[in-house]
Amino acid sequence: MKPRNGGGAKGPHHLGLPDGQLPSNGQEEPSGRPRPFSIPKAVVWEAWKKVRANRGAAGVDGQSISEFEVNLKGNLYKLWVRLCSGSYIPPAVLEVQIPKPGGEGSRRLGVPTVSDRVAQCAIASILEPLVEPYFHPDSFGYRPGRSALDAVGVCRRRCWKTDWLLDLDIHSFFDTIDHELLLRAVRHHCDEPHVLLYVERWLKAPVQQRNGVLAERDQGSPQGSSISPLLANLFLHYALDAWIAREFPGVRFERYCDDMVIHCVSENEARMLRVRIAERLGACGLQLKGYNRMLWTALRRKAAYLPG
């Protein structure tokens, strides 16, 4: 069988039911079995298109994007039915070690299966509109219409107004996210039972190492999974962004996921903020990397000596 085309004119109506009609809440499908959760097929279809565009490696089942497409209609329909019935159980995430630049050790990534990536994208598309409007304007990582270049541009402009920068990075952030605090934040914004159910299942899904050993997880969200960036932003919104805005309303910063630059008017303010932020992160189960540093920008002073 040739791989099916996942785009073009074919849409969610190709996932199963005649004419693409989905049962509404309280209705039954032709099989006579009610579905406890109402998730439109179009949500799964759009999620699939995102996963296909991003490509990515195979997960623990060894199935590639092209292999998933061989029975695209059947795979997506089966996934949709399981998501709607509440019976979807995420498979283990495949652990991959990626060397860091400069030989500074390695970064642990988690690679979900293709089907699981589609499921994560589908649920993330439901959760994102509920939390995105609340995120801080100085948060730039993994957000619609924002990029690292946008963060750099804002940082450069603000460097002309202050002489000190506090450069911070969180140690093993994705591996140490507190599950209960994160779920509390999700519940604060969302009361959709299927979203809460599957977010918790993804957080607790085991990690499979290359040797096949399964490791259970009681903290963290795999870096590399489709829903982790959204969950990471939600966690750090309350752990850092909203806290800084409340406790230090005059302080400006740029955050790109777990990397942050804070603009300070003096060395004393930078030292004070470093201590306070370390305390705040500790209360949230996180810690700063040891090499966080303060940088003297002095851009205004340097400008006075530049040739005309």
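I started by counting elements: the protein has 11 helices and eight strands. I noted at once that this is a predicted model.

**Confidence**

I looked up the pLDDT before anything else in detail. Its mean over the protein is 86, and 84% of the residues reach 70 or more. Over residues 16-30 the pLDDT is below 50, although the model gives this stretch 26 contacts beyond near neighbours in sequence. Residues 300-308 also stay under 50, and I found seven contacts for them beyond four places in sequence.

**The whole chain**

I went on to the totals. The protein has 308 residues, and 45% of them count as buried. The exposed surface comes to about 15800 Å², with carbon and sulfur atoms supplying 53% of it. I then took the contacts with a separation of 6 or more: 73% of these join residues 24 or more positions apart.

**The sheet**

I asked myself in what order the four strands of the open sheet lie. The order is β6-β7-β3-β8, and the pairing is antiparallel. At the edges I found β6 (252-256) and β8 (293-296), each of which pairs on one side only. From one strand to the next, the twist averages 20°.

I picked out one pairing to follow by residue. Strand β3 covers residues 164-169 and is joined to β8 by four bridges, in the antiparallel sense. Trp164 has Trp296 in β8 as its bridge partner.

**Helices against the sheet**

I checked which strands helix α10 touches. Helix α10, residues 267-283, packs on the sheet and touches β3, β7 and β8. I wrote down an angle of about 145° between the direction of α10 and that of β7. Helix α9, residues 228-247, lies across β6 and β7 (259-264). Its direction runs at about 170° to β6.

**Arg143**

I ended with a single residue. Arg143 lies in the loop between α4 (114-131) and α5 (148-159). Is Arg143 buried or exposed? It counts as buried because its relative accessibility is 8%, and the cut-off for buried is under 20%.

Next I listed what surrounds Arg143. Leaving aside neighbours within four places in sequence, Arg143 is in contact with Glu132, Phe135, His136, Pro137 and Asn233.

Note on methods
Residues are numbered from 1 along each chain as its sequence is written. This is a predicted model: local features need pLDDT of at least 70, side-chain atom pairs count only at pLDDT 80 or more; totals for chains, interfaces and linings use all residues. Side-chain values use heavy atoms; hydrogens and water are left out. Helices (H or I, at least four residues) and strands (E, at least two) are DSSP runs, numbered from the N terminus. Buried means under 20% relative accessible area, exposed over 50%, partly exposed in between (1.4 Å probe, protein chains only). Contact means heavy atoms within 4.5 Å. Accessible areas come from the Shrake-Rupley method with a 1.4 Å probe; for residues, only the protein chains shown count as cover. Two strands pair if DSSP finds at least two bridges between them. Axes are lines fitted to C-alpha atoms, for helices over the stretch in contact, and angles run from 0 to 180 degrees between N-to-C directions. pLDDT is the predictor's confidence in each residue, from 0 to 100.
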